[in-house]
Amino acid sequence: MRATVTTASSAPSSRALPHPVCEEIRLEGVLHALSDPVRLRIVRRLAAEGVELSCSHFDLPVTKSTTTHHFRVLRESGVIRQTYEGTAKMNGLRRAELDDLFPGLLDALLAAAARQAARHGVR
């Protein structure tokens, strides 16, 4: 997937990361990104918190390099936006853009994930 560099309005940085613009976000890319349990866990946490979180706020059952991979997949698919604040890489859910492109999709997936987690005793 080709990504276009866009900058976040909240934190200018010389280390801008590439993000797809809305026109480049594809449904199959979003669904692929959210099909992995670790990435879904990241998105559920971002949605629940409602604020940007640094990568270190996530306690994931994978190595650091695998964590980096999961965040990259989410960013490149257009699910999250990553910006640097000092040395921290901040992650924010692109809820508004996703809701505009695919109305109801994110809420439906998050609700289904919550029901599944409850059935299996996972947080």
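Biologist: How many helices and strands does the protein chain have?

Modeller: In this predicted model, the secondary structure of the protein chain comes to five helices and five strands. Helices (H or I, at least four residues) and strands (E, at least two) are DSSP runs, numbered from the N terminus. From that end on, the elements run β-β-α-α-β-α-β-β-α-α. A few ground rules: residues are numbered from 1 along each chain as its sequence is written, and side-chain values use heavy atoms, leaving out hydrogens and water. Because the model is predicted, local features need pLDDT of at least 70 and side-chain atom pairs count only at pLDDT 80 or more, while totals for chains, interfaces and linings use all residues.

Biologist: What share of the residues in the protein chain is buried?

Modeller: Buried means under 20% relative accessible area, exposed means over 50%, and partly exposed lies in between (1.4 Å probe, protein chains only). Of the 123 residues in the protein chain, 37% are buried.

Biologist: What span does helix 3 reach from its first C-alpha to its last?

Modeller: The expected span of a helix is 1.5 Å times one less than its number of residues. Helix 3 has 14 residues and reaches 20 Å, close to the 20 Å expected. Helix 2 (residues 37–49) has 13 residues and reaches 18 Å, close to the 18 Å expected.

Biologist: Which residues of helix 3 are buried, and what covers them?

Modeller: Here is the general idea: an α-helix has 3.6 residues a turn, so residues three or four places apart point the same way. In helix 3, the buried residues are Thr67, His70, Phe71, Val73, Leu74, Arg75 and Ser77. Their cover includes strand 2 (18–19), helix 1, helix 2, strand 4 and strand 5.

Biologist: How do helix 1 and helix 3 cross?

Modeller: Two packed helices are described by the angle between their axes and the distance between the axes. Axes are lines fitted to C-alpha atoms, for helices over the stretch in contact, and angles run from 0 to 180 degrees between N-to-C directions. The axes of helix 1 (residues 27–34) and helix 3 (residues 64–77) come within 9 Å and cross at roughly 160°. That makes helix 1 roughly antiparallel to helix 3; angles under 35 degrees count as roughly parallel, over 145 as roughly antiparallel, 65 to 115 as roughly perpendicular and the rest as oblique.

Biologist: Which residues meet there?

Modeller: Gly29, Val30, His32, Ala33 and Leu34 in helix 1 meet Val73, Leu74 and Ser77 in helix 3.

Biologist: And at what angle do helix 2 and helix 5 pack?

Modeller: Helix 2 and helix 5 (105–120) pack at about 110°, with their axes 11 Å apart. That makes helix 2 roughly perpendicular to helix 5. On the helix 2 side, Leu40, Val43, Arg44 and Ala47 meet Leu106, Leu110, Ala113, Ala114 and Ala117 in helix 5.

Note on methods:
Contact means heavy atoms within 4.5 Å.
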